[in-house]
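Here is a friendly walk through a structure that may be new to you. Take a look at the sequence and the model before reading on.

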Amino acid sequence: MTAPGRLQAEKRDAITRAARIVFGRDGYARAAVDAIATEAGVSTRTLYKHFASKDVLFTSVLEASATQVADGFLARLRDVPGAERADDVPRELRAVGHALVRQAIDHPEHFAMVRQIVAESTHFPEPVITLWQEAGPRRVEREVARRLVALDERGLLAVPSVDRAVMHFMALTTIEASPRPLKPAGYLGAEGTEEAVSAAVQVFLTGYQQ
């Protein structure tokens, strides 16, 4: 017999997963609470016991999802050492690039939701956008920046503008593997992704290596 507390936690998790799917598919404005409840296999009344409104549900799901994605990114790089020699720089940067690409492959529902946020940005108050950015994207950007600055300090890269270098690196390493119309995340396959990230790192180094 399932304990009441565990059952409630399972229902909340089911609602959260369902909300991520529905918000990603329909967007915030068109997503119906009834549709989320149906996707979760719970009643609308049960959903409202856990989340007071669609706004509260969206904000909670977005923050938790962004946190999960950023946590996964940081975990992938936890055991990747910083390069100490010029020959090691491409290896470190490829590891960072792969971690960036894996975000969309490992969390497709989250990035479907993010695409809807971009399309509907006028619907969201600034605090919600800030909460999402701080929970996920900015944590990722700070780790990329930390590694580029460390390479610059060791004399292995020349990084006159950290913000610009982060933007260049993230754009180069993810653009080829990014989801496109009729092509989901991961469509390149392991070999294609490896080649795409390696090529992007080489282009980046052309502009930034000492």
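Predicted model: local features only at pLDDT ≥ 70, side-chain atom pairs only at ≥ 80, totals over all residues.

Residues are numbered from 1 along each chain as its sequence is written, and side-chain values use heavy atoms, with hydrogens and water left out.

Q: How many helices and how many strands does the chain have?
A: Helices (H or I, at least four residues) and strands (E, at least two) are DSSP runs, numbered from the N terminus. Read along the sequence, the pattern is α-α-α-α-α-α-α-α-α-α. The count is therefore 10 helices and zero strands.

Q: What percentage of the 210 residues of the chain count as buried?
A: Buried means under 20% relative accessible area, exposed over 50%, and partly exposed in between (1.4 Å probe, protein chains only). The C-alpha trace spans about 60 × 35 × 35 Å along its principal axes. Of the 210 residues, the buried part is 41%.

Q: What percentage of contacts between residues at least 6 apart in sequence join residues at least 24 apart?
A: A contact means heavy atoms within 4.5 Å. Among the chain's contacts between residues at least 6 apart, those joining residues at least 24 apart make up 71%.

Q: Are α4 and α6 parallel or oblique to each other?
A: The axes, which are lines fitted to C-alpha atoms (for helices over the stretch in contact, with angles from 0 to 180 degrees between N-to-C directions), come within 10 Å and cross at roughly 125° for α4 and helix α6 (residues 108-119). Angles under 35 degrees count as roughly parallel, over 145 as roughly antiparallel, 65 to 115 as roughly perpendicular and the rest as oblique. The two helices, α4 and α6, are therefore oblique.

Q: How many nonpolar, polar and charged residues make the contact of α4 with α6?
A: Phe 58, Val 61, Leu 62, Ser 65, Ala 66 and Val 69 in α4 meet His 110, Phe 111, Met 113 and Ile 117 in α6. Ala, Val, Leu, Ile, Met, Phe, Trp, Tyr, Cys and Pro count as nonpolar, Asp, Glu, Lys and Arg as charged, and the others, Gly among them, as polar. The contact divides into eight nonpolar, two polar and no charged.

Q: Is Ser 65 buried or exposed?
A: Ser 65 lies in helix α4 (residues 54-77). Not counting residues up to four places away in sequence, Ser 65 touches Arg 20, His 110 and Met 113. Its relative accessible area is 1%, so Ser 65 is buried.

Q: Which helices do the buried residues of α10 pack against?
A: Helix α10 (residues 189-208) has 20 residues and reaches 28 Å from its first C-alpha to its last. Its buried residues include Gly 192, Ala 196, Phe 204 and Tyr 208. The buried residues of α10 pack against α5 (89-106), α8 and α9 (162-175).

Q: How far apart in space are Asp 152 and Tyr 208, C-alpha to C-alpha?
A: Asp 152 lies in helix α8 and is partly exposed, with a relative accessible area of 29%. Leaving aside neighbours within four places in sequence, Asp 152 is in contact with Leu 157, Ala 158 and Val 159. Asp 152 and Tyr 208 are 56 residues apart in sequence, and their C-alpha distance in space is 9.2 Å.

Note on methods. Expected span 1.5 Å × (residues − 1).
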